[in-house]
Amino acid sequence: MAGHSGGPWGGGGGNRGGGDDDNRGNRGNNGRRPPEGGSQIPEIDELVRKGQDQLRVLMGGRGGGGGGNDGGEGGGPTFGRGTVLIALAIGVILWGTASFYTVRPEEQAVELFLGDYYRTTNPGLNFAPWPLVTHEKLAVTREQNEDIGVGGSGSDAGLMLTGDENIVDIDFQVVWNISDPAKYLFNLRDPRPTIRAVSESAMREIIAQSRLAPILNRDRGAIAGRLEELIQLTLDSYDSGVSIIRVNFDKADPPREVIDAFREVQAAEQVRDRLEKEADAYAAQVLAQARGEAAQTLEESEAYRAQVVNEAQGEASRFTAVLTEYQKAPEVTRKRLYLEAMEDVLGDMDKIILDENSGGQGVVPYLPLNELRRNPAAAGGQ
């Protein structure tokens with residue numbers, strides 16, 4: 001019965017010419033029977049043993065013998081104390097290398113704890129325990145430029161419309177740096193395009209409120225100052241962490257297509273301004289002269305009025321005095337007034353005296369007393 005049963009694995013097929021020892025000898029490892037068909041499939045234990053041998057070789061040990069050695073000691077990989085210490089030292093070195101970092105003088109670093117903002121570190125050696133804390137370094141003192149205009153970003157970037165409906169071609173440069181690294185990283189998705197867009201928008205707003213002639217001639221400095229303030233105000237409203245250092249106003253010209261005609265217009269406007277200034281100067285001169293003459297006439301009028309008033313007051317005072325004397329001595333005063341009046345009337349006249357007794361036939365000779373008074377030297381010579 002035992003010879004025909006084929007053992008506990010079944011599949012008997014006649015007598016194999018041996019007893020149980022023969023059947024035990026024909027079985028595989030660990031007393032198991034190999035599968036039918038003659039193919040050898042590795043057992044699980046053998047696969048584990050081979051893996052342990054390979055791991056031992058990688059860790060510096062030796063192989064544990066072939067997979068068919070059932071009598072070997074085998075066992076798992078053995079790690080020495082030195083190997084463990086070396087592995088720990090290597091791990092600590094790698095962790096320290098990833099955790100310690102150096103920030104240069106022109107930089108600042110932002111540390112992130114599990115992806116969230118933790119702190120901002122200054123130049124020098126800093127420690128951020130990786131992988132819980134990571135860092136990102138930014139150059140905060142380096143000046144960065146954004147060129148905007150025809151030469152900067154396309155043929156239409158610098159063409160702007162003025163308040164008097166003219167087109168001006170403007171090139172300018174915005175110089176900026178990072179003032180707050182945390183805001184710069186977390187509040188701006190695309191910092192440089194944002195700064196360019198804000199700068200161009202601010203310049204268009206200012207130009208739209210200005211006339212063309214001042215932009216081309218005298219207002220460039222004022223426009224640059226207003227532009228810097230407006231850009232900084234807008235970026236601060238975004239909490240951008242960007243500081244505008246200065247704005248360079250490089251060029252402000254008419255478009256190339258009309259620049260010749262514009263220059264002719266500018267020349268005509270300069271001639272007009274010169275003629276207007278000459279006319280204003282002549283008008284100021286004539287006006288000043290007229291005002292001077294008017295002031296002189298007014299002063300003369302005031303002087304004449306004062307003179308007439310004073311004379312009238314003097315005559316009135318004299319008449320009052322004469323009246324008082326007349327009331328005291330009428331005859332004497334009347335005779336004195338008559339003599340004074342005749343002296344005033346006849347004093348400057350050449351007089352000839354006629355004798356009434358001669359019947360008008362003869363002229364009484366007289367001494368030229370008036371001539372003697374006028375010419376004392378002649379009178380002395382006679």
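Reader: Which residues does Val168 touch, not counting residues up to four places away in sequence?
Author: This is a predicted model, where local features need pLDDT of at least 70, side-chain atom pairs count only at pLDDT 80 or more, and totals for chains, interfaces and linings use all residues. Residues are numbered from 1 along each chain as its sequence is written, and side-chain values use heavy atoms, leaving out hydrogens and water. With contact meaning heavy atoms within 4.5 Å, Val168 touches Gly158, Leu159, Met160, Thr162, Ile207, Leu212, Ile215, Leu216, Ala252 and Asp253.

Reader: Which members of the largest nonpolar core touch the most other members?
Author: A nonpolar core joins buried Ala, Val, Leu, Ile, Met, Phe, Trp, Tyr and Cys residues through side-chain atoms within 4.5 Å. Buried means under 20% relative accessible area, exposed over 50%, and partly exposed in between (1.4 Å probe, protein chains only). Among the 32 residues of this core, those touching the most other members are Val168, Ile170, Phe172 and Met203.

Reader: Which elements give two or more residues to this core?
Author: Helices (H or I, at least four residues) and strands (E, at least two) are DSSP runs numbered from the N terminus. The elements are strand 8 (167–178), helix 7 (191–208), helix 8 (212–216), helix 9 (220–237) and strand 9 (242–253).

Reader: Is Leu125 buried or exposed?
Author: Leu125 lies in strand 4 (residues 124–127) and touches Phe100, Tyr101 and Thr102, not counting residues up to four places away in sequence. Because its relative accessibility is 63%, Leu125 counts as exposed.

Reader: How far apart in space are Leu125 and Tyr101, C-alpha to C-alpha?
Author: In sequence, Leu125 and Tyr101 are 24 residues apart. In space, their C-alpha to C-alpha separation is 5.9 Å.
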